[in-house]
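Student: Could you walk me through reading a few features of a model? I'd like the general idea each time, then the case at hand.

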Amino acid sequence: MTFAVLRLKTILDARARGEHGFGMIELLASMTVMLIGIFAVFAVFQAGIVQIRRASTITTAAAVADAEMEKFRAIRFDSIGLASADVAAADATYKADTAYKADTAPATTLATAMTASQLTISVASATGFPSAAPFIVKIDSESILVSGGGGTTTWTVRQNISGQESEGRGYLGTTATAHSAGAAVVQVQRADVTKCGTPPCTDAVPTKTTTGADGRPYRVDTYVTWMQIGNSAATTGRLVKLVTLVVRENTAPYRRWARITSSFDESTGV
């Protein structure tokens, strides 16, 4: 662009002196090159502004996600979750995320009937279910913590201990009941907690809008699922709750600005 400016100055000076060796075409060409250079400089500055604005938005969204996660760290373990009815009513953007679990798969059926105190579960197929325990299944209205037999069609359940939190039948506050052969069996992957009323309960919702430090509204999607932990030797431990927070553009939720995940163990408070 500097060359174009100098060339243009030379042409204008020559014409001012009455020299006509520089034609109009050369004059226009020099002006065009100069304009292209000006637009290029403008584009560089504009791109810089866009990048700065984007970086600011990402930083603000990360701060929003951290603030929301701190709310989960401040409550009891058994209150960490979402009401299933709220999750079911969430929109397509929420359900399209990889953190969303439908609690309808994997699924199988009971191969034989079960009594209310039985500690074995015979299923028609174990396809899709975890290859190692523990994991949670739901049969009719009862949730059961499977403690053994993963990868087979015969699962085992620990005996409940009187006076202690249920470890097997009637898990998560449900009631142990008898089940008929052929009853549907699905894996419970979401942490379902009733909406606040009688504790334990949750105030968390799947989707909400919050204002960031920059004064802009952000959409915050929350997912709470059960996760099986293990060590490098593939030995599995107890289940933890996995909280995933996704901060999106409020008016265009397909645009994701921040995503953080944190696990919560029962030892942090029950």
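Student: Is aspartate 265 buried or exposed, and what is its relative accessible area?

Tutor: Keep in mind that this is a predicted model. Burial is called from relative accessible area, and under 20% counts as buried. Aspartate 265 has 18%, so this residue is buried.

Student: Where does aspartate 265 sit, and which residues does it touch?

Tutor: Look in the segment that follows β10 (256–264). Leaving out residues up to four places away in sequence, aspartate 265 touches Phe77, Arg238 and Val240. With arginine 238 there is also a polar contact, side chain to side chain, at 2.6 Å.

Student: Glutamate 68 is another acidic one I'd like to check. Buried or exposed?

Tutor: The cut-off for buried is again under 20%. Glutamate 68 comes out at 9%, so it is buried as well.

Student: How do I read the nonpolar cores? How many residues does the largest one have?

Tutor: The idea is to link buried nonpolar residues through their side-chain atoms. The largest core here has 32 residues, and Phe72, Val243 and Val247 have the most contacts inside it. The elements giving two or more residues to this core are α2 (24–73), β8 (217–230), β9 (236–249) and β10. Apart from that core lies another, of 16 residues, including Leu110, Ile121, Phe135 and Ala183.

Student: Which residues does valine 243 touch?

Tutor: Skipping residues up to four places away in sequence, the contacts of valine 243 are Met69, Phe72, Ile80, Tyr223, Val224, Ile260, Thr261, Ser262 and Phe264.

Student: Now the backbone. Which residues are joined by a cis peptide bond?

Tutor: Omega is the angle to read here. For alanine 105 and proline 106, omega is about 0°, and the bond between them is cis. Proline 106 is in the loop between α4 (92–95) and β1 (107–109). A cis peptide bond also joins alanine 133 and proline 134, with omega about 5°. For proline 134, look at the loop between β2 (120–122) and β3 (135–139).

Student: And phi? What is its value for aspartate 103?

Tutor: Aspartate 103 is not a glycine, yet its phi is positive, near 60°. You'll find aspartate 103 in the loop between α4 and β1. Its relative accessibility is 19%, so aspartate 103 counts as buried. Aspartate 140 is also not a glycine, and has a positive phi of about 55°; this one is in the loop between β3 and β4 (142–146).

Student: Last topic: disulfides. How many does a search of the whole structure find?

Tutor: A disulfide is a covalent bond between the sulfur atoms of two cysteines. The search finds one, joining cysteine 196 to cysteine 201 with an S to S distance of 2.3 Å.

Student: Why is the disulfide of cysteine 196 and cysteine 201 given a hand?

Tutor: Read the torsion about the S-S bond. For this pair the torsion is about 75°, so the disulfide is right-handed.

Student: Are those two cysteines buried, partly exposed or exposed?

Tutor: Take each end separately. Cysteine 196 is partly exposed, at 42% relative accessible area, whereas cysteine 201 is buried, at 11%.

Notes. Residues numbered from 1 in each chain as written. Predicted model: local features only at pLDDT ≥ 70, side-chain atom pairs only at ≥ 80, totals over all residues. Heavy atoms only, no water. Helix = DSSP H or I, 4+ residues; strand = E, 2+ residues; numbered from the N terminus. Buried < 20%, exposed > 50% of the residue type's maximum accessible area, 1.4 Å probe, protein only. Polar contact = N/O pair within 3.5 Å; in protein donor to acceptor, adjacent residues only side chain to side chain. Contact = heavy atoms within 4.5 Å. Core = buried A, V, L, I, M, F, W, Y, C linked by side-chain atoms within 4.5 Å. Disulfide = S-S within 2.5 Å.
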